[in-house]
Amino acid sequence: MRDRTFAPSRILIYLFVSLIAAAWLAPLAVVVLNSLRTNEEIAQGSMIGWPQHVAWGNYVAAWSGFCVAETCAGIRPYMLNSALVTIPATVFSTLLGAVAGYAVSLWRFRGDSWIYGIVTLGIFLPQQMRLLPWTIVLRDTGLMNTLTGLVVIHTIQGLSFTTLFCRNYYVAIPQELIRAARIDGAGFFRIFWRIILPLSPPILVVTVIWQFTHIWNEFLYGVTFTTGQQQPVTAALIALSAAVADIPQHGVQSAAVMIAALPTLLIYLLGGRYFVRGLTAGAVK
Amino acid sequence: MTFAVSTATRPATSDMVRRLPEYLMIWVPLLLSAAHLIAFSLWTIWISFTPSTLVPVSGWVGLRNYNVVIASRNWQIAFDNLLLFGSAFVLLSLVTGLVLAILLDQRIRGENVLRSIFLYPLAVSFVVTGTVWSWLLNPGLGIQKLVHDLGWISFRFDWLIDRDMAIWTIVIAAIWQSSGFAMALFLAGLRSVDADLIKAAQIDGAGPIRMYRRVILPTLWPITITVIVIQLQFAISTFDLVRALTNGGPGIATQLPALVVYDLMFQRSLLGRGAAAAVLMLLILLAVLLPYAAWRYVQRRRAIHA
């Protein structure tokens, strides 16, 4: 498949791949360009076009100016909400998942495979099956419409993924290592702290990236369990498009969309390898 | 090597107390997770058999909620849409992913960059991508407007506002967003094809096309099934994307089961019916997952015995 057929077929392959890649990048390019065009300029032409004057003002307006419902604070408070939900929930679910994964893979206890099997079912169970119970639980605990409520939900639900990721990683650690440490008198936490955790950075990076991306991008729980000023940014974006439906402000909206997408995009750019690993790890369980 | 459990160090109760933090740390998160999964599922199933409307109430109405939901136009459209969207999206993203994987497998330059390009939509929220596609596909704003401005006035691309075609806008956006996933899995599969197998076929004089058709692609079918199942699972629970792209419209033309559930539960406050619709979603999912689990089980047994 090398030498002779090189020229024409290779060029064709490059051409084809570049075309598809361009199509894949087009939506991103359109938003970036529109975020730099004024609302008026977009209104005159289409959403697809080159900025005539670079309008950085869109980002300022999107960040702290425009109005959703009655409040005119831009997207900033909702970005903050998303951060305040995503960061704690990512940390908690990852740490608890690491301990749980360690317990079911290396510590072993009665019923471990049973409970592990049930926990991983959470990967498949549709969110819709949990919506009403969460509504009732949040209402009865006074956590409805609070960021704490969302942190609790994402921590508990995230355990299904984090436990799976960590367990599958720890399974490869030789059991003898744990036995030897136990004979030396090391307990559950000591072994975790001294032996398991130092071996864990690769899987912890995968888990953290996975959890962060998913919780940041989550929409259904955000829109169901919070309203107004408590909403995460995904829910706020939908509210924004509804709010400006009469007088579209596509430049500012594009900037808002870019800002909302930026955290996960940046993480993907920096740690794409680990993100893809999480993607395929979940798939080929 | 055997290690005798030293019976000397076994003062039962104080040992239990000493190890309490450990038990708590092991059991509390796992039990919380497992208990919420089982209890919440049973809870929702129970609500689906009650006459609950605004608040959950006890009482038993048998299958009435299910009958009402299944007979409703909303659900029927959602179910038909799911069949169309599910099969079109899964098939097309499978083909797209496979083509991309084969292209990237040709030892081309910039493979890493290209792979990142095909996968980046997966890192972005469906709300964001749905919004962007709603602009691109909006005839007054996006592609159609651009072509009109360029001078081709009779050009039409208005699926977004066309009742019959609107569901295809969701297919387009979903393919764009998640074909990269199929590509990643296929590429991993292509890379793990036995090199000796390829060598042998080359010696037999197989050309590249024959090589793919007869030697390489047949090894990919277990991955293909995994991809199909995962994409179907995604299709069944699609919510955010539709919410941002069409919000179920025009009218209810792009309704999907997840939207029906949300609508019944939180917009019409018909909790019993909403729960019934959620259980129906679960049943659709099980219709996909149970055969898959059985297949995986058989595969694994075969691998052990082989």
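## Chain B as a whole

Along its sequence, chain B follows the pattern α-α-α-α-α-α-α-α-α-α-α-α-α-α. The model is a predicted one. Counted by type, the secondary structure of chain B comes to 14 helices and zero strands.

The C-alpha atoms of chain B fill a box of roughly 90 × 70 × 30 Å along the principal axes. The radius of gyration of chain B is 26 Å, whereas a compact globule of 306 residues would have one near 19 Å. Buried residues account for 40% of the 306 residues in chain B. Among contacts in chain B with a separation of 6 or more, 68% join residues 24 or more positions apart.

## Contact between the chains

Chain A brings 67 residues to the contact and chain B brings 71 residues. On the side of chain A that touches chain B, helix H13 (residues 250–283) of chain A gives the most, with 13 residues. By type, the residues on this side of chain A are 50 nonpolar, 16 polar and one charged.

## The largest nonpolar core

The largest nonpolar core holds 165 residues, and A:Ala256, B:Ala277 and B:Met281 touch the most other members. Helix H8 (residues 166–191) of chain B supplies the largest share of this core, 15 residues.

What is B:Met281 in contact with, leaving aside its neighbours within four places in sequence? In chain A, the partners of B:Met281 are A:Pro126 and A:Gln128. In chain B, they are B:Ile236, B:Pro257, B:Ala258 and B:Val261.

## Helix H9 of chain A

Helix H9 (residues 188–199) of chain A has twelve residues. From first C-alpha to last, H9(A) reaches 16 Å, close to the 16 Å expected at 1.5 Å a residue. Its buried residues are A:Ile191, A:Phe192 and A:Ile196. Seen down the axis of H9(A), these buried residues fall within an arc of 100°, so they line one face of the helix.

That buried set packs against three helices of chain A: helix H4 (76–107), helix H7 (147–170) and helix H8 (175–183). On the other side of H9(A), the exposed residues are A:Trp193, A:Arg194 and A:Pro198.

Notes
Residues are numbered from 1 along each chain as its sequence is written. Chains are lettered from A and ligands numbered from 1 in the order in which they are written. This is a predicted model: local features need pLDDT of at least 70, side-chain atom pairs count only at pLDDT 80 or more; totals for chains, interfaces and linings use all residues. Two residues are in contact if their C-beta atoms, placed from the backbone, lie within 7 Å. Helices (H or I, at least four residues) and strands (E, at least two) are DSSP runs, numbered from the N terminus. Ala, Val, Leu, Ile, Met, Phe, Trp, Tyr, Cys and Pro count as nonpolar, Asp, Glu, Lys and Arg as charged, and the others, Gly among them, as polar. A nonpolar core is a set of buried Ala, Val, Leu, Ile, Met, Phe, Trp, Tyr and Cys residues joined through C-beta atoms within 7 Å. A residue is buried if 20 or more other C-beta atoms lie within 10 Å of its own, exposed if 12 or fewer, and partly exposed in between; C-beta atoms are placed from the backbone. The radius of gyration is taken over C-alpha atoms; the globule rule is 2.2 Å times the number of residues to the power 0.38. The expected span of a helix is 1.5 Å times one less than its number of residues. The arc is that of the directions from the helix axis to the C-beta atoms.
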